[in-house]
Amino acid sequence: MSQTPLRLDGVPIIGNAHQAIKPLEFVEQCRDHSSPVVRATAGPKTLYVVLRPRLVKEVLTSHDGRYQKPEHIRYGIDNFDGDIDTSVTSRLRSAWGPVMSRDNIKAYSGRLMGLVDEFLARWDTGTARNVHEEFRELCLRLACEVLLDVESPLTSGQYSEMVDGFSQRFSPKNVAMVELLPDWALKLSDREYRQARLLLDTFLDDIHDEAQPTSGTVLSSLLDASKNPNSKVSESIARNEVGVLLVGAMEPLAVGLAIACHQIAARSDVQAKLYREARDVVEGTTATLSDIQELQYAEQVFREALRLHPPLYTMFRETKEHVSLGSYELEPDAQVWLPQWAIHRDPSNFDNPETYDPSRWDGEREHHPFAYFPFGGGPRHCPARRLSLMLAKLVLATLSLRYELAPAATDTLEVRPELALRPMTGVDIVFSAR
Ligand code: HEM
């Protein structure tokens, strides 16, 4: 028998839009109603918030063909001419697949380790550093030197400005405007975004003119796909994908690393255990690929940071048609939110969910596979999950061998939702040499 999702009371005309523009609080309120699916509205748009792991699994895996990514995601990137339909999406995925395979990661792991080694060596000690900005620079270099094999035409400052310009476009206020204003009006009012687009276009034009892509890189794989007449991956779509890599893909990694450092700095017990493991496993002061398997606590530290602060705090989908979800009926053309933020912090999924506790990942405790999904799931899960975990383990182990970390001012972390969760005042940490 079909069930009706719990309806949130709203106000005339705007419905629940005033609540939805504070999405972290909103999804927690929805969860606290204890209904597996909550129905709200934002102006004319219906919005379903899905709060049970088994239903998230259904949306992302067995029934993923019934949903698409919604308009505001396309608006945020806005970097290609034409729709990306499912056949193109699967071509793009097959372009990403080989680049992120175990063998390919192994092939470029030398460059990766060199990058981590050099990057972490230059930190002077005793002064506060905003590690969010620092990790953005690491991510720019990862994208350019390892994944694309091009020289960045942007400085790290310009890159950061570009990411900020795109990031604020995904702020809840702007996302709400997408439903209400025409495209031209949005673009006029969006100076930071226009500057960010100029920077991105400079980057893309430069690599288009200069790059001699090395085989096995994202760039060569995308260009191969764009040259294949059957692939439907046009040059503009390949260009868009490099833009997604530079902005949409790198920022969650920079945020995840910054938040993990924040937790390490705030918790001396976690820091001491991380250091002991790194000291026992690693020879010298730079972790290498051969240490990865044994750096289990470093992985737990990072996984737990992504549980409490999932950089992509919710995933968005849209119903293409009338859809049954479990025993619920969903309207066509409605937004569907799969909020990692609320599900990762649900006491029915994790004990003491608000506590940062890496040991919950020691393999002793069980949870539903979709109670924790920082990298999404199903056919469109993040292709860089393995690479991100590996890089995080190298960075965290190497860091802990070289430095002691302390919070610069306060050990509370306030975040706001944009393209990824954004630490509101940066993440300032003081490093002292060991
Ligand atoms: C901690 C770091 C990261 C997190 C938490 C993360 C999370 C995610 C999530 C949740 C999705 C699914 C979005 C959706 O289905 O709506 C996704 C997709 C994607 N990610 Fe990541 N990601 C991370 C790092 C990266 C990196 C480093 C790269 C590239 C090197 C990358 C490339 C991509 C791409 C290309 C997609 C789109 C896949 C598709 O639409 O088929 N991600 N990521």
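Analyst: Pro53, Leu55, Val56, Glu58, Val59 and Leu60 are the buried residues of helix H3. Buried here is under 20% relative accessible area, exposed is over 50%, and partly exposed is anything in between (1.4 Å probe, protein chains only). H3 runs over residues 53-60 and is mostly covered, with 6 of its 8 residues buried. Helices (H or I, at least four residues) and strands (E, at least two) are DSSP runs, numbered from the N terminus.

A quick word on the ground rules. The model is predicted, so local features need pLDDT of at least 70 and side-chain atom pairs count only at pLDDT 80 or more, while totals for chains, interfaces and linings use all residues. Residues are numbered from 1 along each chain as its sequence is written, and side-chain values use heavy atoms, with hydrogens and water left out.

On to the inside. The largest nonpolar core has 116 residues, and Phe26, Phe135 and Met162 touch the most other members. Helix H13 (residues 235-266) gives the most to this core, with 16 residues. A nonpolar core, by the way, is a set of buried Ala, Val, Leu, Ile, Met, Phe, Trp, Tyr and Cys residues joined through side-chain atoms within 4.5 Å. Beyond its neighbours within four places in sequence, Met162 is in contact (heavy atoms within 4.5 Å) with Leu154, Ala196, Leu199, Leu200, Leu246 and Val247. Another core, of 19 residues, lies apart from it, and Val50, Met315, Leu330 and Val336 are among its members.

H13 turns up again at the ligand: with 5 residues, H13 gives the most to the shell there. Helix H5 (86-99), H13 and strand S6 (315-319) each supply at least two residues of that shell. There are 21 residues around the ligand, and Arg93, Arg317, Arg380, Cys382 and Ala384 come nearest; to count as near, a residue needs one heavy atom within 4 Å. By type, the shell divides into 15 nonpolar, 2 polar and 4 charged residues.

Then the close approaches. A polar side-chain atom of Arg380 sits 2.7 Å from a ligand oxygen atom, one of Arg317 sits 2.8 Å from a ligand oxygen atom, and one of Lys69 sits 3.3 Å from a ligand oxygen atom. The iron atom of the ligand has a single donor from the protein, Cys382 (SG), 2.3 Å away. Donors are N, O and S atoms within 2.8 Å of the metal (3.2 Å for Na, K and Ca), and water is not among the atoms, so sites may look incomplete. Cys382 itself lies in the loop between helix H16 (340-344) and helix H17 (385-402).

Arg129, in strand S5 (residues 128-130), is buried, with a relative accessible area of 17%. Its side chain makes a polar contact with the side chain of Glu134 at 2.4 Å. A polar contact is a pair of N or O atoms within 3.5 Å; within protein, one must be able to donate a hydrogen and the other to accept it, and residues adjacent in sequence count only if both atoms are side-chain atoms. Pro44, in the loop between strand S2 (37-42) and strand S3 (45-50), is exposed, with a relative accessible area of 77%.

Note on methods:
Nonpolar A, V, L, I, M, F, W, Y, C, P; charged D, E, K, R; others polar.
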